[in-house]
Amino acid sequence: MPIRVLPPEVAAGIAAGEVIERPASVVKELVDNALDAGARSIAVELEQGGLARIRVSDDGSGIPPDELPLAFTRHATSKIASLTDLDALSTMGFRGEALASIAATARVRLSSRPADASGAAYLEMAGVSAGASGTEPAAPGTTVTVESLFASIPARLKFLRSVPAETSRVRAVVQRAAMAFPSVRLRLRADGRTLCESSGNGELRDVMAEVFDPRTAAALLAVAPSPRAPYAAHGFVSPPSMSRANRTGMHLFVNGRAISSRTLSVAVEEAYRGLLMEGRYPLAVLFLQVPPAEVDVNVHPNKREVRFVRDADAFSSVQRAVRETLVASEPVPEAPMLLSATAAAAPAPGSMFMSGLTVPGASGPLPEPGPVGIAERAVVYAPAQPSQQAGLPPLRVLGQVAGAYIAAEGPDGLYLIDQHAAHESVLYYRLLAAWVGGQGPAVQPLLEPLPLELSPQEQEAAEDAREELGRYGVSLEPFGQEAWLLRSLPALARRVDPRRLVAEALEAHQHPGSYPATHQAVAASIACHSAVRAGQVLSAEEMEALGRALVEEANPQHCPHGRPTTLRVSTVALAREFGRTG
């Protein structure tokens with residue numbers, strides 16, 4: 001076929017398809033324009049999920065009458081004038097594509113009045129053709145009415161979902177805008193019903209009460225920027241006791257723009273490492289402030305993705321701010337069966353783990369491992385330096401239950417310790433602390449190198465992670481075309497299946513989902529396979545040593561996989577269960 005220039009309406013339709021995917025796309029672009037115009041109040045109205053009609057009204061600065069035709073011209077904008085302006089971008093929109101793309105897919109009527117004008121000017125558009133125009137009385141601001149969306153491109157309609165589903169997507173757009181701009185009043189009405197409305201009072205928690213519910217919003221934890229982070233991150237996150245089975249409760253913003261970012265999502269999830277069960281996700285409304293020159297918002301047609309110049313700095317800024325908030329506020333969880341009891345405030349962490357079975361202050365050995373266990377015994381924990389963030393009070397060991405749990409008495413009730421999860425937590429964070437301190441664990445050379453058959457993907461990962469694994473004592477070297485030799489392991493892992501350990505480490509390096517850093521995956525694997533097992537009977541000294549180690553750990557409440565190490569049954573709950581009212 002000969003090369004030809006596409007007709008204007010075809011080119012406009014193709015370009016519009018990159019920006020306008022569904023009614024929610026229209027609402028997003030129009031709300032962004034209203035925000036850029038300085039609006040303090042924005043109203044969105046829908047009919048039939050936005051397919052029949054969308055109207056967005058605002059009280060912003062308005063558009064002069066002589067600029068209305070230019071507003072529908074592709075790449076016409078008042079927000080940038082040169083490429084250098086992209087390095088200092090502070091507006092939500094900047095491409096000048098919104099109105100042109102919307103007009104290419106529907107019938108559009110734009111009515112706008114600047115504050116100093118006596119009336120509003122209006123212009124109607126359908127595709128690339130201008131329709132009626134004139135003046136009319138109206139309040140200062142802009143109103144855009146979009147009708148018969150995709151009527152001229154019926155093939156697009158088959159990709160849309162039901163009216164309730166499309167309405168729900170629009171609602172999510174309006175709610176995200178309300179969270180990003182809590183000082184702006186936003187209202188959404190669909191088929192005559194008000195679906196959501198923010199007060200515009202500037203209180204983000206009030207907006208979250210609308211997005212989630214008042215009780216959830218009240219329980220969220222305020223996040224302040226970490227003094228150790230390159231960028232400022234703030235907002236709200238849920239306590240570990242509040243989670244969802246998916247990521248729909250996570251809302252991320254960069255410089256006020258709602259975005260989707262794998263980097264920041266993983267940063268939030270990593271902050272909850274060891275605090276949430278696998279497969280559970282937190283609620284989060286987080287804002288990251290990055291110098292405009294260090295973030296590129298021009299990588300996606302509808303601007304929902306961004307690219308950071310310093311990806312690692314963005315990650316660490318969010319991860320640190322959230323993690324510091326969680327560590328400072330995480331209490332020992334209440335036992336679920338008595339959760340309805342009013343929980344007393346957890347006392348300050350104790351200076352030692354007191355035992356009724358051994359002399360207080362005496363050190364004892366950690367329990368021997370089960371089938372796959374730890375190397376050391378007789379590890380002494382000095383009681384003089386407890387964690388100030390542990391949240392565990394002084395406890396008195398009472399004994400062992402079902403060969404799996406340690407029962408202990410605290411000043412506020414009964415504590416039950418999962419011996420495997422507790423031991424795993426101690427080992428995991430001990431390994432991470434050694435890593436951060438630059439100290440590798442003790443290494444156990446193998447009497448004979450162990451040959452490993454690795455897939456091409458595993459070989460590539462092994463080459464890339466070789467130095468990092470070596471710091472943990474996992475010494476790998478190539479041997480022939482497909483085989484590698486394992487020459488040493490960490491002493492803690494000498495009873496762990498070496499093939500399984502290497503496979504898990506390489507898998508984590510290739511797909512850093514659960515553990516973004518390879519050394520964290522190695523530490524978790526070693527800890528899990530080395531910890532004492534459920535069903536293993538412990539001596540009094542072993543329970544004492546394990547309890548003391550747990551108290552002095554920086555994050556004692558959960559194991560690396562998110563299971564709780566300790567549950568509390570408060571004295572208030574016990575009294576209620578036994579009918580003691582006095």
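These notebook entries record what I looked up in a predicted model.

**Conventions.** I number residues from 1 along each chain as its sequence is written, and I leave out hydrogens and water, with side-chain values taken from heavy atoms. As the model is predicted, local features need pLDDT of at least 70 and side-chain atom pairs count only at pLDDT 80 or more, while totals for chains, interfaces and linings use all residues.

**Entry 1: the five-stranded sheet.** I looked up an open, mixed sheet of five strands, in the order β9-β10-β13-β11-β12. Helices (H or I, at least four residues) and strands (E, at least two) are DSSP runs numbered from the N terminus, and two strands pair if DSSP finds at least two bridges between them. I note β9 (221-223) and β12 (257-259) at the edges; each has a single partner strand, so one side of each is left without a neighbour in the sheet. The twist averages 20° from one strand to the next; axes are lines fitted to C-alpha atoms, for helices over the stretch in contact, and angles run from 0 to 180 degrees between N-to-C directions. Strand β11 (residues 250-254) runs antiparallel to β12 and is joined to it by three bridges. I find Leu 252 bridged to Ile 259 in β12. Helix α5 (residues 163-180) lies across β11, β12 and β13 (284-289), at about 55° to β11; contact means heavy atoms within 4.5 Å.

**Entry 2: the largest pocket.** I next asked which element gives the largest share of the lining of the largest pocket. Helix α5 does, with eight residues. The lining comprises 38 residues, of which Ala 172, Val 173, Arg 176, His 251 and Ser 260 lie nearest the centre. Two or more lining residues come from each of α2 (23-36), α5, β11 and β12. I record a volume of about 1000 Å³ for this pocket. On a 1 Å grid over the protein atoms alone, a pocket is an open set of points with protein on both sides within 12 Å along at least five of seven lines, a cavity is a set where a 1.4 Å probe fits but cannot get out, and lining residues have an atom within 4 Å of a point. Grid points are joined across faces, edges and corners, and a volume is the space filled by probe spheres set on the points.

**Entry 3: cavities.** I find three cavities of 30 Å³ or more in the whole structure. The largest cavity has a volume of about 50 Å³. Its lining includes Val 174, Gln 175, Cys 196 and Val 211. Helix α5 again contributes two or more residues, as do β8 (193-197) and α6 (204-211).

**Entry 4: cysteines.** I find zero disulfides (pairs of cysteine sulfur atoms within 2.5 Å). Cys 196 is buried at 4% relative accessibility, and Cys 528 is buried at 18%; buried means under 20% relative accessible area, exposed over 50%, partly exposed in between (1.4 Å probe, protein chains only).

**Entry 5: the three-stranded sheet.** I looked up an open antiparallel sheet in the order β19-β21-β20. Seven bridges join β19 to strand β21 (residues 483-490), and Pro 451 has Leu 485 as its bridge partner in β21. Helix α11 (residues 456-471) packs on this sheet, touching β19, β20 and β21, with its direction at about 140° to that of β20. Helix α12 (residues 498-510) lies across β19, β20 and β21, at about 75° to β19.
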